[in-house]
Amino acid sequence: MAIERTFSIVKPDAVAKNAIGGVLNLIEQGGLMVIASKMIHMSKAEAEGFYAVHKERPFFGDLTTFMSEGPCVVSVLEGENAIARYREVLGATNPEEADAGTVRKEFGTNIERNAAHGSDATDTAAFEIGYFFNALEIRQR
């Protein structure tokens, strides 16, 4: 199995609920290592840049407004098959459909305010990590 990196955001809703530690605990229990992490507060323009792939979708405006409404915690995760593993830890996008013990089931409210984001592919992870982190901020092996 390959060691890979993925990207995580603890979204503003989970930060407001004081659930950062709970989310990070589930990440670590899921076998992933946090190798970089910081709290940020995205501007609307930064959120629009990050989610540019969704620009033509009807939810784009609401998503970028939500993601810029308060602080969030961005992290780089590492582990065997980290992308797939983190998506399992996250659970289904809609918390109502997520399995018990997953981030979204435990801390999400609805399909938009679902506590956390994770990369869906290797190229997406590379873009997302690079959007928020430079090489000096990421723990090297």
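This is a predicted model: local features need pLDDT of at least 70, side-chain atom pairs count only at pLDDT 80 or more; totals for chains, interfaces and linings use all residues.
**Strands around β3**

- Strands (E, at least two residues) and helices (H or I, at least four) are DSSP runs numbered from the N terminus, and two strands pair if DSSP finds at least two bridges between them.
- β1 pairs with β3 in the antiparallel sense over eight bridges, and Ile-9 has Val-74 as its bridge partner in β3.
- β2 also pairs with β3 in the antiparallel sense, over seven bridges; here Ser-37 has Ser-75 as its bridge partner in β3.

**Nonpolar cores**

- A nonpolar core is a set of buried Ala, Val, Leu, Ile, Met, Phe, Trp, Tyr and Cys residues joined through side-chain atoms within 4.5 Å.
- The largest has 20 residues, of which Phe-7, Ile-9, Met-42, Met-67, Phe-132 and Phe-133 touch the most other members.
- At least two residues of this core come from each of β1 (3-10), β2 (33-40), α3 (44-50), α4 (60-67), β3 (72-80) and α7 (122-132), and α4 gives the most, with four.
- Leaving aside neighbours within four places in sequence, Met-67 is in contact (heavy atoms within 4.5 Å) with Ile-9, Lys-11, Pro-12, Met-42, Ala-47 and Tyr-51.

**Largest pocket**

- A pocket is an open set of points on a 1 Å grid over the protein atoms alone, where a 1.4 Å probe fits, with protein on both sides within 12 Å along at least five of seven lines; lining residues have an atom within 4 Å of a point.
- The largest pocket holds about 590 Å³ of space.
- Its lining has 19 residues, and Tyr-51, His-54, Phe-59, Leu-63 and His-117 are the closest to its centre.
- β4 (116-118) and α7 are the elements that give two or more residues to this lining, and α7 gives the most, with three.

**After α7**

- Leu-136 lies in the segment after α7 and is exposed, with a relative accessible area of 84%.
- Leu-136 and Ala-36 are 100 residues apart in sequence and 9.8 Å apart in space, C-alpha to C-alpha.

Note on methods: Residues are numbered from 1 along each chain as its sequence is written. Side-chain values use heavy atoms; hydrogens and water are left out. Buried means under 20% relative accessible area, exposed over 50%, partly exposed in between (1.4 Å probe, protein chains only). Grid points are joined across faces, edges and corners, and a volume is the space filled by probe spheres set on the points.
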